[in-house]
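Work through the exercises below with the model open. Each task is followed by its solution.

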Amino acid sequence: MIKKDELGGEIIFYCKDCEEIVETSRIGEKHVYKCRKCGTKNVAFGTKRSIYGFFRLDEKEVKNSKKSS
Ligand SMILES: [Zn+2]
């Protein structure tokens, strides 16, 4: 479920409950997305750049899915 926006950025989904980038399911025709991992609708989405910037994510950390804490 990755689309390109007008700026050519990848749209990604960030679950505020899981605190990580997640796969989502779209609910109906609304712009509401449900986290496939925990099932919450507490999901933010945007371009990769904006999400990573807003939530201060480290790309390496996400890719390796390792957590030091
Ligand atoms: Zn979640």
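**Exercise 1.** Determine in which sense strand β1 and β2 pair, and over how many bridges.

Solution. Strands are DSSP runs of E of at least two residues, and helices are runs of H or I of at least four, both numbered from the N terminus. Two strands count as paired if DSSP finds at least two bridges between them. Strand β1 covers residues 11-15 and pairs with β2 in the antiparallel sense, over 2 bridges. Cysteine 15 has glutamate 20 in β2 as its bridge partner.

The model is predicted: local features need pLDDT of at least 70, side-chain atom pairs count only at pLDDT 80 or more, and totals for chains, interfaces and linings use all residues. Residues are numbered from 1 along each chain as its sequence is written.

**Exercise 2.** Give the strand order of the open sheet and name its edge strands.

Solution. The order is β2-β1-β5, with antiparallel pairing. The edges are β2 (20-21) and β5 (43-47), each of which pairs on one side only.

**Exercise 3.** Find which residues make up the largest nonpolar core.

Solution. A nonpolar core is a set of buried Ala, Val, Leu, Ile, Met, Phe, Trp, Tyr and Cys residues joined through C-beta atoms within 7 Å. Buried means 20 or more other C-beta atoms within 10 Å of the residue's own, with C-beta atoms placed from the backbone. The largest core has 7 residues: Ile12, Phe13, Tyr14, Cys15, Tyr33, Cys35 and Val43. Its largest share, 4 residues, comes from β1.

Conventions. Buried ≥ 20, exposed ≤ 12 C-beta atoms within 10 Å, placed from the backbone.
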